[in-house]
Amino acid sequence: MSETPEDKTASAPPPAKKGFSGLHVFGIVLITIVATVGVGYWWLSHYVFPENFEPVTLNASEQDSLDNKLNTLGIDTQGGESGRPLQPVPYSEEGASREVRFSERELNGMLANNTDLAQRLAVDLSDDLLSALLLVPLDEDFPVLGGRTLRVNAGVELSFANGRPLVKLKGVSLMGVPIPNAWLGNLKNVDLVNEFGANPGFWQSFAAGVDYIQVEDGRLLVRLKE
């Protein structure tokens with residue numbers, strides 16, 4: 001007797017169930033562990049236990065340019081060791097420049113001359129934004145992280161609008177985690193000059209003395225009023 005189609009269907013083995021075998025599950029778990037360890041190591045090495053910065057070293061031409069700018073501002077870059085006696089001169093503002101210009105490299109080069117900050121603080125200049133990256137060493141008695149170094153990022157918007165400087169705190173991050181606005185006194189994205197400049201004090205004096213300010217990629221310009 002020949003088999004009917006129904007008999008063939010009944011005698012056929014059931015289809016194999018699809019799914020993960022034990023080997024597949026083990027492989028997924030192993031990859032997850034490796035990825036977690038890798039991400040954790042990167043996060044710890046970059047934010048909790050970061051290495052010190054490499055200080056910016058200016059070449060001879062850049063250092064001469066920076067020295068000239070600082071001398072114009074009345075800052076002695078020779079440390080009083082020129083060997084020449086100080087000569088009295090009559091005060092005059094004629095021909096004096098009221099502009100202060102610094103490049104990002106010059107600012108970081110000045111920090112490099114300060115042994116306490118050379119490997120702890122770095123400044124970045126981008127359009128309308130001044131950013132700072134600070135490494136904060138913790139005291140040995142600090143709970144859990146004693147003796148370690150924390151990475152702190154901060155950004156401040158600097159621009160000029162409506163005839164006055166504009167200064168806004170864009171935020172502060174600790175170990176890569178943004179600090180809540182409430183912990184910063186609700187000052188994020190607040191125009192500090194507009195908020196506090198109406199009362200006598202630093203912000204009022206600051207705004208009154210600045211004729212123009214501009215931050216662009218790698219450059220800072222401040223022009224002072226008479």
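## A cluster of rings

Let's start with some aromatic side chains: ring pairs link Phe-202, Trp-203 and Phe-206 into a cluster. Rings of Phe, Tyr and Trp (its six-membered ring) count as a pair if their centres lie within 6.5 Å; planes under 30 degrees apart are called stacked, over 60 edge-to-face, and the rest tilted. Before going on, note that this is a predicted model, where local features need pLDDT of at least 70 and side-chain atom pairs count only at pLDDT 80 or more, while totals for chains, interfaces and linings use all residues. Residues are numbered from 1 along each chain as its sequence is written, and side-chain values use heavy atoms, with hydrogens and water left out.

Back to the rings. Trp-203 and Phe-206 make an edge-to-face pair, with 6.0 Å from centre to centre and 85 degrees between the planes. These two sit three residues apart in helix α6 (residues 202–209), so about one helical turn separates them. Trp-203 is partly exposed at 22% relative accessibility, and Phe-206 is partly exposed at 24%. (Buried means under 20% relative accessible area, exposed over 50%, and partly exposed in between, using a 1.4 Å probe and protein chains only.)

How many aromatic pairs does a search of the whole structure find? There are four. One of them is tilted, because the rings of Phe-160 and Tyr-212 have centres 5.5 Å apart and planes at 55 degrees. Phe-160 belongs to strand β4 (residues 149–161) and Tyr-212 to strand β7, so this pair ties together parts that are 52 residues apart in sequence.

## The overall layout

Now for the big picture. The protein chain has six helices and eight strands. Helices (H or I, at least four residues) and strands (E, at least two) are DSSP runs, numbered from the N terminus. Follow the sequence along and you get the pattern α-α-α-β-α-β-β-β-β-β-α-α-β-β.

Of the 226 residues in the protein chain, 24% count as buried. Contacts (heavy atoms within 4.5 Å) tell you about reach along the sequence: among those between residues at least 6 apart, 48% join residues at least 24 apart. The accessible surface of the protein chain is about 16,200 Å², and 58% of that belongs to carbon and sulfur atoms. Those areas come from the Shrake-Rupley method with a 1.4 Å probe; for residues, only the protein chains shown count as cover.

## The sheet

Strands of a sheet pair through backbone hydrogen bonds, either parallel or antiparallel. Here, five strands form an open sheet in the order β2-β3-β4-β5-β6, with antiparallel pairing. Two strands count as paired if DSSP finds at least two bridges between them. The edge strands are β2 and β6 (177–178), each pairing on one side only.

Leu-121 stands opposite Leu-134 in β3. The two strands form a hairpin with two residues between them, and Asp-128 in the turn has a positive phi of about 60 degrees.

## The nonpolar cores

A nonpolar core is a set of buried Ala, Val, Leu, Ile, Met, Phe, Trp, Tyr and Cys residues joined through side-chain atoms within 4.5 Å. The largest one has 19 residues, and Phe-102, Leu-107, Leu-125 and Leu-220 touch the most other members. Several elements give two or more residues to this core, including α3 (60–72), β1 (99–103) and β8 (219–224). β7 gives the most, with three residues.

Leu-107 touches Phe-102, Val-123, Leu-125 and Leu-220, leaving aside residues up to four places away in sequence. There's also a second, separate core of five residues, which includes Val-152, Leu-169, Val-172 and Leu-184.

## The salt bridges

A salt bridge is a side-chain nitrogen of Lys or Arg within 4 Å of a carboxyl oxygen of Asp or Glu. By this rule the count is seven. In one of them, the closest N and O atoms of Glu-62 and Arg-105 are 3.0 Å apart. That pair links distant parts of the chain, since Glu-62 is in helix α3 and Arg-105 in helix α4, 43 residues apart.

Glu-99 and Arg-223 also meet in a salt bridge (3.4 Å, N to O). Glu-99 lies in strand β1 and Arg-223 in strand β8, so the pair ties together parts 124 residues apart in sequence. Salt bridges that share partners join Glu-99, Arg-101, Asp-211 and Arg-223 into one network.
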